[in-house]
Amino acid sequence: MPVERAFQQYSAALDLIAVQTKSHGLSDWKCEAKRTSRKRCDPIPDDHEMMRRICVAIAFSQGAQSRLIDKLINELVFSEAFANFEVERLSLKKPEAIRRRYWKSLGHMRFRGKVDAMVNAAKVMRDLAMEHGSFANYLKGFQIPQRLKSGGDVDKFWDGFLLLRADLRSRKMPFFQNTTSLLQLLLDLDHDAVKPDLIIMRLARRIGIVQKETGEANLQEVVRRVQAFAISRGMRASLVDLQILAFGGQSSASQLLSQRFCPASDPCENRDCVIGRKGLCNASSNLYL
């Protein structure tokens, strides 16, 4: 399919997703949509807050249930287990000691190795502070724009992103040397990013943004195309990310809507889905009517 025609087709699907999520959004949806649409850029937080956000991102990773992690990260035991996110203190902790004392409360994270990752991330953060003064200073050096207004901004975003990822890999930063997790971190730091996780990639494949859900090239292509779509509609990519997650059935985001849409597996039997009825979803049973 020609590139322009493909763009028109998945853009039509994304437009409908925007309409459906707005129409079925509950009160909390309006608050979250407003937050992800704001034009003002949040400053990069200090190292203490950065450490907290890194621990939160690691907790959410690797298929952990968002609803359960949402609850965990707001409990006192989470901050207590990880030295109240004080970089120096956490960098000196023994992962096995943390697990021995707290794993019963932290079990919703699913994988015990996440504790090691948080401690090792604190060690990298400590080293970055020694070299650059703060994580904020370090990140600014890669000149990744927070707001994207043109195709040139998208190119700058990816030039900086790839340099940042390569540097974090050289430092053996846990999780955030991975494309999906690093994009999640930038999204959390108020950049116009998209996290290409299972939900995003599944829906992207269904509406024709890419042909396959896996593979580094496909991950990057989905994010680039969603960023380009957002610019074409005068929206922020972070809002489109939220819309796709909610429509696609992510456990936390979908609870912001009064109706469920996408199932976890093909084919989709939701005959009432407007995207399927219009022939814009490859997984829809409407295609076989």
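Which loop is F85 found in? Keep that in mind, and we'll start there. F85 sits in the loop between α5 (76-81) and α6 (87-91). Those labels need a word: helices (H or I, at least four residues) and strands (E, at least two) are DSSP runs, numbered from the N terminus.

Before going on, some housekeeping. What you see is a predicted model, where local features need pLDDT of at least 70 and side-chain atom pairs count only at pLDDT 80 or more, while totals for chains, interfaces and linings use all residues. Residues are numbered from 1 along each chain as its sequence is written, and side-chain values use heavy atoms, with hydrogens and water left out.

Okay, back to F85. Its phi is positive, about 65°, although it is not a glycine. Is F85 buried or exposed? It counts as buried because its relative accessibility is 5%. Buried here means under 20% relative accessible area, exposed means over 50%, and partly exposed is in between (1.4 Å probe, protein chains only).

Now look at F175, in the loop between α10 and α11 (179-188). F175 isn't a glycine either, yet it takes a positive phi of about 65°. With 19% relative accessibility, F175 counts as buried.

Let's zoom out. The protein has 15 helices and 0 strands. Its radius of gyration is 20 Å, close to the 19 Å that the globule rule gives for 289 residues, so it is as compact as a globular protein of that length. That radius is taken over C-alpha atoms, and the rule is 2.2 Å times the number of residues to the power 0.38. Along the principal axes, the C-alpha trace spans about 60 × 45 × 35 Å. Of the 289 residues, 53% are buried.

What about contacts? We call it a contact when heavy atoms are within 4.5 Å. Among contacts with a separation of 6 or more, 65% are between residues 24 or more positions apart.

Next stop, helix α10 (residues 151-170), where you'll find K156. Which residues does K156 touch, not counting those up to four places away in sequence? Q143 and P145. From K156 to P145 is 11 residues in sequence, and 7.1 Å in space, C-alpha to C-alpha.

Over in helix α13 (residues 216-232) we have Q220. Q220 counts as buried because its relative accessibility is 15%. Its side chain makes a polar contact of 2.8 Å with the side chain of E216. A polar contact is a pair of N or O atoms within 3.5 Å; within protein, one must be able to donate a hydrogen and the other to accept it, and residues adjacent in sequence count only if both atoms are side-chain atoms. Leaving aside neighbours within four places in sequence, Q220 is in contact with W158, L162 and R165.

Last helix: α14 (residues 237-248). It has 12 residues and reaches 16 Å from its first C-alpha to its last, close to the 16 Å expected at 1.5 Å a residue. The expected span is 1.5 Å times one less than the number of residues. How many residues of α14 are buried? That's 12 of its 12, including D241, Q243 and F247.

Just after α14 comes G249, with a positive phi of about 100°. Further along, P267 is in the loop between α14 and α15 (274-277). A cis peptide bond joins D266 to P267, with omega at about -10°. Have a look at that one on screen!
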